[in-house]
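Open the structure in your viewer and follow the selections below in order.

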Amino acid sequence: MKNTLLDLYHKDGTKKLLASLISILMGLLLGAVLIVIVGLSKPTIGNKDIIKGVQMIFAGILTKGLTPDGGLAWGYNAQNLGNMLFRATPIIMTGLSVAVAYKTGLFNIGAPGQYLMGTMASLSIALGIPGDSMPSWVIWLLAFLGGCLAGALWGAIPGMLKAFLNINEVLACIMANWIAAYLVSWYFSESSFRNVTEGTKTAYIYMTSYNGVATSKMGLDKLFPGSQVNGGFLVAVLIAVAMYILLNKTTLGYQLKACGSNRHAARYAGINDKRNIVLSMAIAGALAAGGASLYWLSGNTEFYWNTYQSLPGEGFDGISVALLASSNPIGAVFTGVFLSMLKVVGSQLAGFTAYNEYITDVIIGCIVYFSAFSLMIRMLLTSRKKKVPQAAAADQAGPVPAPDPSGDPVENEQEQEGGDEA
Amino acid sequence: MTFLIQETMKFAVPLMIVALAGVFAERSGIINLALEGIMIMGAFIGALVVYSLQELTVFTQAAAQGNWLTLQGLSLLALLIAMIGGAVFSLLLSFASINLKADQTIGGTALNLMAPALVLFLVRMIAGQNTLRMSPPADAASWFMIRKSTFGVDKSVDWGFFGETFINKTYPITYLCILVFIVLSVLLYKTRLGLRLRSCGENPQAADSLGINVYKMRYLGTTISGALAGMGGFLYALTVDGCSAGGSVAGMGFLALAVMIFGNWKPLNITLAALLFGLFKCIAAGYSYIDLNGDGVFALADLGLSSYVYGMLPYIVTLIVLAFTSRNSRAPKAEGIPYDKGSR
């Protein structure tokens, strides 16, 4: 028994998980410290509010509201949990997008732009095809695939610039983001999809349910009554599994990863590196855009189209999701759920205390910052391990970029536990 | 024409100074992707200084007495504190990438995520809304801007093309930034210290073998970079953002990175690149007011294109320009690679 535990500890995947958990814990602690400092420096915030704020940071998902005397009521909150899964759906997809690109050596900071292009395509299809001309599920499918295609094309542009003209993909992606932001605003400002029937709303697009298109609930609304959750979450999980298989069990995945580790060596081995860079960015783009499709096709959210003012946060959250999951597609599901939990907690925090929801983004930023040290944390864990008399200890030490596939199930089970605790 | 030049300067100077910030970091071997985040931080800290001083009605008193030297001095103070704030914030990046040898792209991205969130959180706590105006009731721009009335000259007096363009309705801080740009460029390219710093971005092992402390040099490069980005951020908040700071500088930090690459990591080229991008930014922001020859015909507005097209323009131009220049661009050789004494 003791040996199996030790073996588990020595697995690279376990150490990655531990490093991620340490990053999460440090991020949460810093968030709590910030809450306390701001609370103490602002006379309008009492000690009670500070305590409430700290409690919410660590366990806000389990709050049910306020008790009559102003304290927090705790318990199972189906609406919160359902909304958590609903909001996790797009960021799991953008997380997969960043993760797949990262595995192939590219940093896809273009997820926000790809997300917007997916939004544009799938909303146009879902609202543009007359609802009575074909079954609504066909429209849904067309809109989803159309969104993915638009994202793939948009993602391929930086890919081509990188492959053929040697432009840094980070810069190309950032420029593409802003171009997309203006493009989408321009397109919708001229389109007939603007919500004009509800006079109080400016710059909003109709919900897709206006045309009878909405993602099936697949029974999830029974589990989480009163929330916005729908089958899109399950689709995202399936896609995550598919990406895991693509990357780890297929020739294409091997080629993509080979280009990522060393482009020149891959070309020497007969792999078409330019094609693979473009392909990898196209897949990444399709994933990010697919996240947008799943989010907007839910039918219960409306899109604010003046996007040129700020890029969608879902795209940037994808970076955090992927980094925290060490670019493991299955891990991205859990980190995506975890981050969206923080976001739900943030809106709770804004509702129940004097603080505002941006604290969650601060925490996420800190977590990403700490996860940049994950290599260091893993090395620390390894050097501590050397004191244990174990012959094979030394060869675990190196920074191995690809995770051991056999270590993954373990990693992910624990990840979920970690997420729930926090 | 006056309008065009003034507006172009408004965008070009922050771009220039932040691009130089990028040069300092990259020449010392650290990719500073966090320029955007540091700008946001600098803008916020500078705005906060002005805001807190105004809480004591320092500015309105000085303005009422017409004491414009005090006003400029105070704006200088705010700029200085914004620079210090930027430098301190950039230490997070230096620490991660120099001491802990973390991935610099991730470290920079983390800072870019953290800065707007932290700023928005604090701005909300302080002002109860999403932007921190430097002076809620008063016209803050009038505190920092030179006008004819500053010198007691009547508005109707014509100062000629030069005076109207470069003195009337300008911010002295802008010229200070240009001065800093020149001084630091000379420092980087004409002094021993600059040579040492650049050597750490090209071949840190060789530099180390000659007794240069690579870690120290890289800290120096990133810290100067942070200070300059903070400076650019405050300037942006002052001129472009209308004396307010929110959690965004609208991608200026990233545009500055593009300017840096387009300018091939050299100050003179960067100046030209910044002017080009500034021009396009200016067209995007004010295309409907641009009247080149003063005959009352607004040529760009008459084209009838959507404002979104002009908004896109700077970014499209960036991509096209990069497509043509990136083959010849020569980045510092060792940028992005953590320095490890043991490796060769």
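Select Thr94(A) and its surroundings: beyond the neighbours within four places in sequence, Thr94(A) is in contact (heavy atoms within 4.5 Å) with Tyr115(A), Ala288(A), Glu314(A), Gly315(A) and Gly318(A). This is a predicted model, in which local features need pLDDT of at least 70, side-chain atom pairs count only at pLDDT 80 or more, and totals for chains, interfaces and linings use all residues. Residues are numbered from 1 along each chain as its sequence is written, chains are lettered from A in the order in which they are written, and side-chain values use heavy atoms, with hydrogens and water left out.

Thr94(A) belongs to helix α4, residues 78–103 of chain A. Because its relative accessibility is 0%, Thr94(A) counts as buried (under 20% relative accessible area, 1.4 Å probe, protein chains only). Now show the backbone oxygen of Ile91(A): a polar atom of the Thr94(A) side chain lies 3.2 Å from that oxygen.

Next, select helix α7 (residues 169–190) of chain A and helix α15 (residues 307–325) of chain B, whose axes come within 9 Å and cross at roughly 155°. The axes are lines fitted to C-alpha atoms over the stretch in contact, with angles from 0 to 180 degrees between N-to-C directions. The two helices, α7(A) and α15(B), are therefore roughly antiparallel (angles over 145 degrees).

Show side chains here: the residues that meet include Trp178(A), Tyr182(A) and Trp186(A) in α7(A), and Tyr308(B), Met312(B) and Tyr315(B) in α15(B).

Finally, select chain A, where buried residues make up 59% of the 422 residues.

Key:
Helix = DSSP H or I, 4+ residues; strand = E, 2+ residues; numbered from the N terminus. Parallel < 35°, antiparallel > 145°, perpendicular 65-115°, else oblique. Buried < 20%, exposed > 50% of the residue type's maximum accessible area, 1.4 Å probe, protein only. Polar contact = N/O pair within 3.5 Å; in protein donor to acceptor, adjacent residues only side chain to side chain.
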